[in-house]
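Please read it alongside the sequence and the coordinates.

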Amino acid sequence: AQADHFSIYQSSGVSDGLSYRLFIQNNGEVGINTSDPTDTLHLLRNNANHGITLQRAGTNPGTATINVTSFGALALTAANNFNITSGGSQQIIFNRGGTEVARFNTSGNLKLPDSAKIELGGVQTGSGDLQIWHNGGTGNSNIKQVSGNLYFYTGSDLNMLLQDGTSVDLYYANDKKFQTQASGAKIFNTA
C-alpha cells in the first residue's frame, strides 16, 4: 500500500480477517477489504462468493448482479433481459484464455474458428445431439445428427428425412417420393 492514503479500519471484532474495510490510495485506486488495491476498484472477500448488485427502483424496477464464485468463476445475472452491447462499428469477441473462440461481426454474423462446432442439445451430457461445423483442413462443411432422425423443412413442408442409420427419404409437399434402402432405392408415386 502507498504511504498517503485514506482508509476506514476495523480494529476489533474482525471475523473475516480483513480489517481494512475501505482503502483509497493516493493514485485513486479503491480497495474494499484490502489495503493493496490492484485496480481502479478492488473488492476482496475471504472464503465466500461475492459481487456487486445493481438495482433500479421506481418505474420498471429490477436488479442485476456480478458475482465471483469459487476459483474465479464469473456469474452475470439479470432479473430480466441480458444485453451485451458494443459500439455500432465494433465486434463482440469471445476469448478463452488467449484464444478467440467466437465473435459476432459488425453485421451480426456469428463467426467460429475452423473445426469449432455448434452443438444443439446435450448441454448436460457434453455432446450435442446436432452438430454443425466446418473442417478447415479438408474444406468440408458438416452436419451430424448424433442420435435420432434429422428432418429438413421448408415452411411446414417436409423435404428430406435422414433416418437414424436406415434411410434417406426425399419428399415433395410432404409426400414421400424417394427412399434409400439396404438393397438400393425405392421411388414412390411415379406419374
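## Pairing of β17 with β18

Phe-178 stands opposite Ile-187, a residue of β18. The model in which this pairing is seen is a predicted one, and the descriptions below should be read with that in mind. The two strands concerned, β17 and β18 (residues 184–187), run antiparallel and are joined by 4 bridges. Together, β17 and β18 make a hairpin, with 2 residues lying between them.

As a general point, the strands of a sheet pair through backbone hydrogen bonds, in either a parallel or an antiparallel manner.

## The sheet β5-β6-β7

An open sheet is formed by 3 strands in the order β5-β6-β7, with antiparallel pairing. Its edge strands are β5 (50–56) and β7 (74–78), each of which pairs on one side only. From one strand to the next, the twist averages 10 degrees.

Within this sheet, β5 and β6 (residues 62–68) run antiparallel and are joined by 7 bridges.

## The largest pocket

Which residues line the largest pocket? The lining consists of Leu-54, Arg-56, Asn-60, Pro-61, Gly-62, Thr-63, Ala-64, Ala-78, Ala-79 and Asn-80. The elements contributing two or more residues to this lining are β5 and β6, and β6 gives the most, with 3 residues.

The space in the largest pocket amounts to about 190 Å³. Sorted by class, its lining comprises 5 nonpolar, 4 polar and 1 charged residues.

Val-101 is part of strand β9, which covers residues 99–104. Is Val-101 buried, partly exposed or exposed? Because its relative accessibility is 35%, Val-101 counts as partly exposed, a class that lies between the buried limit of under 20% and the exposed limit of over 50%.

When neighbours within four places in sequence are left aside, Val-101 is in contact with Phe-94, Asn-95, Arg-96, Leu-112 and Pro-113. As for Asp-114, this residue is 13 residues from Val-101 along the chain, and the C-alpha atoms of the two are separated by 9.9 Å.

Lys-144 belongs to strand β13, made up of residues 141–145. With a relative accessibility of 41%, Lys-144 is likewise counted as partly exposed.

Which residues does Lys-144 touch, if those up to four places away in sequence are not counted? The residues touched are Asp-129, Leu-130, Gln-131 and Trp-133. Asp-129 and Lys-144 are 15 residues apart in sequence, while the distance between them in space, from C-alpha to C-alpha, is 8.2 Å.

How values were computed: Residues are numbered from 1 along each chain as its sequence is written. This is a predicted model: local features need pLDDT of at least 70, side-chain atom pairs count only at pLDDT 80 or more; totals for chains, interfaces and linings use all residues. Side-chain values use heavy atoms; hydrogens and water are left out. Two strands pair if DSSP finds at least two bridges between them. Axes are lines fitted to C-alpha atoms, for helices over the stretch in contact, and angles run from 0 to 180 degrees between N-to-C directions. Buried means under 20% relative accessible area, exposed over 50%, partly exposed in between (1.4 Å probe, protein chains only). Contact means heavy atoms within 4.5 Å. On a 1 Å grid over the protein atoms alone, a cavity is a set of points where a 1.4 Å probe fits but cannot get out, and a pocket is an open set with protein on both sides within 12 Å along at least five of seven lines; lining residues have an atom within 4 Å of a point. Grid points are joined across faces, edges and corners, and a volume is the space filled by probe spheres set on the points. Ala, Val, Leu, Ile, Met, Phe, Trp, Tyr, Cys and Pro count as nonpolar, Asp, Glu, Lys and Arg as charged, and the others, Gly among them, as polar.
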